[in-house]
Amino acid sequence: MIEFADALKSSRAYNLIKHDIDTGNLSHAYMVISPDTLALNNLFEIVACAVYCKDDACLACTTCHRILHGNHADVKFINSDNKNLKVEDVESLIDDTGTRPFESDHKLYFVFSADKMNAAAQNKLLKTLEEPQKTVTIFLGVSRESAMLDTVKSRTKKITLDRFSQEDISSALKEEGFPSDSAETAAACADGMLGRAKEIAEDKSFAENYAQTVNVFKNLKKSGDVASFLNEKVLDKERLPVFLDIASLIVRDMMAAKTDERLITNRRTAEEVKEMSREYSLLALSNILYLINEERKKLNVYVSSVGVAENLLLGILEVKYKCR
Ligand SMILES: [Zn+2]
């Protein structure tokens, strides 16, 4: 089942590829870049349909159905579970490109998470990219461009799947059946990524974590309060990374409230955030943002999450006092 089809079909990346298909100018290889793996995977499935479907990748006709169920002889999805790709996987892809198309005049290969190929596997693939066949197009889905060899990059047409706007993500989630309050919060926190947004919308504890994080900024007044806040669920070992993410977002929204309200990302908490921001100076907020990042780094090294949480809360109070 294709997720987020409407949002993906209106993306710039899809329309660039669609233009190549419609004008008969499909390149021999594409590298499509996005950290949003879920969006990339779905985009590739839609692109496959766009090549063979008579009705603009309708996703509903027999041809589309066969492609989406892996039953079209000329479409191959490789590594669709986004694991590491080995030299053998690339070798079997290359062998397959040597055979003629079976039910059309063009064969398509979609390699998911192609940046998980090691250098040996990429070098293997390079040969095929250097001597392209007219009847073959290879799509590489890449989340980290830096993991790709320059030689491979230079042999592919590079397209970036742009981040999605908050409005697009929110309506895409609603179309997928998520209730509007969780869709809107998820869209505000997803950093433009559909996959991240879906994870957040599916996470039942996210709204609770969000509310508890707001509560910390609202009610943390003196160092005597710190001990009781450390008992909050959102500050326990497991949820602390989520707390840090949400805290960054809230601090940024408070900064927006003080400078340009149009830049507030989470509209649902806008009024609350405006109110809270009166307690903090702009300098205090930018220092707090810095503190959050510093404590996040420690979290990767330190074992004690309590230490990190305590340090952060005391740091927030100190900065708030110093930068009045
Ligand atoms: Zn179709």
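Reply: Let's start with a term: donors are N, O and S atoms within 2.8 Å of the metal (3.2 Å for Na, K and Ca), and since water is not among the atoms, sites may look incomplete. Keep in mind that this is a predicted model, where local features need pLDDT of at least 70 and side-chain atom pairs count only at pLDDT 80 or more, while totals for chains, interfaces and linings use all residues. Residues are numbered from 1 along each chain as its sequence is written, and side-chain values use heavy atoms, leaving out hydrogens and water.

Now for the zinc ion. Its protein donors are the SG atoms of Cys53, Cys58, Cys61 and Cys64, sitting 2.2 to 2.4 Å away from it. Along the chain, these donors are spaced as C-x4-C-x2-C-x2-C. Is Cys53 buried or exposed? Cys53 counts as buried because its relative accessibility is 9%, whereas Cys61, at 24%, is partly exposed. The cut-offs are under 20% relative accessible area for buried, over 50% for exposed and in between for partly exposed, using a 1.4 Å probe and protein chains only.

On to a pair of helices. Helices are DSSP runs (H or I) of at least four residues, numbered from the N terminus. Helix 5 (residues 87-97) packs with helix 6 (residues 119-130) at about 10 degrees, and their axes are 8 Å apart. Those axes are lines fitted to C-alpha atoms over the stretch in contact, with angles running from 0 to 180 degrees between N-to-C directions. The two helices are therefore roughly parallel, a label for angles under 35 degrees.

Which residues of helix 5 and helix 6 meet? Val87, Val90, Glu91, Leu93, Ile94 and Thr97 of helix 5 meet Ala120, Ala121, Lys124, Leu125 and Thr128 of helix 6, where contact means heavy atoms within 4.5 Å. Seven of the residues in this contact are nonpolar, two polar and two charged. Ala, Val, Leu, Ile, Met, Phe, Trp, Tyr, Cys and Pro count as nonpolar, Asp, Glu, Lys and Arg as charged, and the others, Gly among them, as polar.

Finish with Thr128 in helix 6. Thr128 is buried, at 13% relative accessibility. Leaving aside residues up to four places away in sequence, Thr128 touches Ile94, Thr97 and Ile138.

Note on methods:
Angles under 35 degrees count as roughly parallel, over 145 as roughly antiparallel, 65 to 115 as roughly perpendicular and the rest as oblique.
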